[in-house]
Amino acid sequence: MREAAVILQAAYRGQRVREEICRWNLAATVIQSAFRKHREEVKFQAMRLSAIIIQRYYRAYALQRQERSRFLKLRNSALVLQAAFRGHCVRKNVTKMHKAATVIQANFKRHKQQVAFRRQRWAACVLQQRFRAQRQKNMEIEHYQQQRRAVILLQAAYRGMKSRQHVKQMHQSASAIQRSYRAHCDHKKYLALKSSVITVQRRYRATAAAKKQMQQFQKMHEAAVILQAAYRGQRARKEVCRWNLAATVIQSAFRKHREVVKFQAMRLSAIIIQRYYRAHVLQRQERSRFLKLRNSAVVLQAAFRGHCVRKNVTKMHKAATVIQANFKRHRQQVAFRRQRRAASVLQQRFRAQRQKNMVTEHYQQQRRAVILLQAAYRGMKTRQNVKQMHQAASAIQRAYIAYCERKQYLAFKSSVITIQRRYRATAAAKEQIQQYQKMKSAAVVLQAAYRGHRIRREVACWHRAATVLQSAFRKHTVEVKYKALRLSAIIIQRHYRAVVLQRQERVKFLKARHSAVVLQAVFRGLCVRKKVARMHRAAIVIQANFKRHKEQTAFRRQRWAACVLQAYRAHCEHKQYLNLKSSVLTIQRKYRATVAAKAQRKHYLEMQRSAIALQATYRGIREVKFQAMRLSAIIIQRFYRSWVLQRQEREKFLSVKQSTIVLQAAFRGWHVRRDIALEAANAQRRLQFTAAIFHHLHAIKIQRAVRAHWALQSAKKQIHSVITIQVQRAAVSKMFQNTLSIMKRWFSRRQKAACVIQQAVRRFLLLRRQKRVQQGIVKAQALWRGYRSRKLNDNPKVVKLRHRLQKVTAGAREEDKLCNKTSSALEYLLRYKHFSYILEALKNLETATRLSPECCERLVESGATNVIFTLIRCCNRSVPCMDVITYSIQILLNLSKYHKTIEAVYSVENSVETLLDLLQRYREKAGDKVAEKGGSIFTKACFLLALLLQDKHRALEVMKLPKVLDRIQSIYRLTARKHKMDAERTVVKQKMNASVNGSFYIQATPRKPRPAPKFAPEWVLRKDKLKDIVDPLRAIQMVAETLSIVL
């Protein structure tokens, strides 16, 4: 009985041990599966970049694995529940510790936030006090300035009144002196005129007597004079007609040339406008045709890609259906075996153990067979898919499948070895049952302690890992908040220190200003006294020179009158002498003619013949004159006809000009009405300024005159005292000459300075007038050209487009302006944390920085570059985050293309490391939607890095950073390998398509049509000649070439 009881106890205890062993095996299996899953996830993350091509198939495989793990969890849920209670106590303690740690951390964070808030509140209070003190100081200074200006105005008014009184007295005395001097000059002129009139009367009477004696001679002389006058008049008229004809020809040619030049200019401008308009029309037609072709190509490409995707999805559905059928069959078989094993256990415990071992071994064999079948089926499907993919992807897949099979084989091998060891131990336990009973209690205690210790250690490791992750995440969030607070505190400190330094400098400046004001007052008083003395001397010199100039002018006038009278007298005397001489000669000739009348008969006949010759010549001249008149009439007719044509063209031109003038008048009236408010204010200010300058100049003149008078009086007193004291005349004259020479030099200097100022003012006024005239001419030309262009090229479409643009312009709101958009976008970016607000702000900032350099400078001044880099660092690989990164990189590109803001982009902390992280993260080719955005981010980041490193100093600083060259070289190698694989895969696809279509001609690679170029205004961003690069390989090559890296 005892032996039977011992056997039963041994069997029961062995059964319990085996059950515990099974539980341990299941727990080990769960732990192994979790560990293997973790290890596979880590390896998958490492190999993910190289396995992009098989992502879709791997996703299907991942879904299958999830279903497999879910099934295993459901199957092993009963076994897991046993281990759940053991970990419940430990987890309960861990939860209590975690709650306590959470409370401690919350209290510590609250304390930290309260301390930071108290510091910020203290800093804000200090800043408010400083600001109020500064405002009060400004108010006091403004009040003092107003009082000072009022006192200065009162002083100037009083000094002006005194100066005007003194000037009035001096003006009265000068008027009396001038009246006496003018009376003296008039008396002298009267005496001179009286003597000249008497002389003229005498000459006139002598001339009248001579005229009576000359009448007889004139009657005899008239015949010869008439002939000579007729001949000379004919010749003079002929020359005058020639001159008139020549002048008329020159004038007509010049007018024709001027009108031709104007017509050519207008014709050339019309031709240029026509060319531009026709080019614009052709461009619009070509663009519409290109858009239609591009839309049709896009539709065809979308249809073909959809067909390919549907074909692949159909294949994947078929494969998934086969796998699901096999999996369901396997699940049913496992459930059946489990029921059969439970029935065997109920029949007999001992036989159950042996049968269990046999069934387990059979189950392992069938499992291996099923796994082999699944591996064969998966290999077959993989080989079919690998034929359509690249050789490198096939190698990667074979390596990965071999690794998985090797891993499964090692796992199966370890499980078989464990089962064998347990079975051998069970067989040996029957022989060593007695020793086992003795050592059982100790072994059970040790095992329980060891298992509890191992479970507690694993739970502690998990807890530590979770704590580390939580602390890292909380550290990251706290660091982000701390950086933001630190940045705001730094800004507040800078402003506060600036205010403190400003206040100190203000105190120093006030002290220095007070001392400078005192010194300036003393120095200005000395300078004013010196200037008064100099101006007094200069006034004396000016008065002397003015009186000298007045006397010289009167003397010149009198001398000119005397010269005129003398010339007239000489003319009259010469005329009388000529008359007497001619009368004497006539008498002599008459006498000699009468004496020698007979001897002169022959001479008379010769004169008669000469007279006949003269008459014939005169008649010929009349004939020639008729021909000349006929030719001149023909010329006049030609010129008249040309004048008629010119007049017609002139009337056309005048009609066009009149319409232009009407348009100009309308535009000018509108322009004047629009600017009248601004111009009125400006005119008022200019009038006030001119009046102030005018009164100021008059006041300066009055002050100078008063000071000159005072200086003159003081000089007179000093000279009188010197004359009284010093007896020697030579010393007095020498001192007076020195004084005069000093005054002359001072006057010459003042005269030169006044001339220079007048020249500068006149030049400025002339330039301003020319500029206004030029602007008016340019505006008139622009209006005329616009009118002509609209008149010649307007059609209903253009008119409709113009009206629509006018409506849009009239309906534009204030917030639609680029500056207001930039301000609101910066406010959203710096204040709000909502994702949609940030994305909209980045879109507006991208447009603003692309179109305006002022917006670029404003963005840099606001400090938004640091926020943009912080956004880039905080984003992950989701689609919205990729949109944020894309717009951020585009904004940084726009800033880098502007030479005034590129330094602000580079000077951000860890900017180059951030860009290198982006290159490392998004080094993918364009395929699906997400990868295409990643490729765009990759190329834009490369382009931005190349722009930042154009400067040699910045390139040297980047090359000194650790592991920069290695990272760029690794990115280049991976990109080059992908590019090569894509090229080979494209060639293979083309060959396969050619073989399917029956032709071996390799078709051209279809390219995605480039988007329409965006509007780029001509402003300071001249580096936009560097076009954006789409090819990732070319982009990374450009970065390497910028850093002079040999790849």
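At 9% relative accessibility, Thr660 counts as buried, because the cut-off for buried is under 20%. Select Thr660 to begin; the residue sits in helix H7, which runs over residues 601-725. Thr660 and Leu783 are separated by 123 residues in sequence, yet their C-alpha atoms are 8.3 Å apart in space. Keep in mind throughout that this is a predicted model.

Now zoom out to the whole protein. The fold has 20 helices and 0 strands. Of its 1047 residues, 18% count as buried. The accessible surface is about 79100 Å², and carbon and sulfur atoms hold 61% of that area. Among contacts with a separation of 6 or more, 81% are between residues 24 or more positions apart.

Next, select helix H11 (residues 835-851) together with helix H12 (residues 853-861). Two packed helices are described by the angle between their axes and the distance between the axes. For H11 and H12 the angle is about 125° and the axes are 5 Å apart. H11 and H12 are therefore oblique to each other. The crossing of H11 past H12 is left-handed. To see the side chains involved, show Leu845, Ala848, Thr849 and Leu851 in H11, which meet Pro853, Cys855, Cys856 and Leu859 in H12. The residues of this contact of H11 with H12 comprise 7 nonpolar, 1 polar and no charged.

The axes of H11 and H14 come within 9 Å and cross at roughly 25°. That angle is under 35 degrees, so H11 and H14 are roughly parallel to each other. Here too, H11 passes its partner, H14, in a left-handed crossing. On the H11 side the contact includes Phe835, Leu839, Leu842 and Lys843; on the H14 side, Tyr887, Gln890, Ile891 and Leu895 are among the residues taking part. The contact of H11 with H14 divides into 10 nonpolar, 4 polar and 4 charged residues.

Is Thr901 buried or exposed? Thr901 has 1% relative accessibility and therefore counts as buried. Which residues is Thr901 in contact with, leaving aside its neighbours within four places in sequence? They are Cys856, Glu857, Val860 and Leu895.

Notes:
Residues are numbered from 1 along each chain as its sequence is written. This is a predicted model: local features need pLDDT of at least 70, side-chain atom pairs count only at pLDDT 80 or more; totals for chains, interfaces and linings use all residues. Side-chain values use heavy atoms; hydrogens and water are left out. Helices (H or I, at least four residues) and strands (E, at least two) are DSSP runs, numbered from the N terminus. Buried means under 20% relative accessible area, exposed over 50%, partly exposed in between (1.4 Å probe, protein chains only). Axes are lines fitted to C-alpha atoms, for helices over the stretch in contact, and angles run from 0 to 180 degrees between N-to-C directions. Angles under 35 degrees count as roughly parallel, over 145 as roughly antiparallel, 65 to 115 as roughly perpendicular and the rest as oblique. A crossing is left-handed if the near helix is turned anticlockwise from the far one by less than a right angle, and right-handed if clockwise. Contact means heavy atoms within 4.5 Å. Ala, Val, Leu, Ile, Met, Phe, Trp, Tyr, Cys and Pro count as nonpolar, Asp, Glu, Lys and Arg as charged, and the others, Gly among them, as polar. Accessible areas come from the Shrake-Rupley method with a 1.4 Å probe; for residues, only the protein chains shown count as cover.
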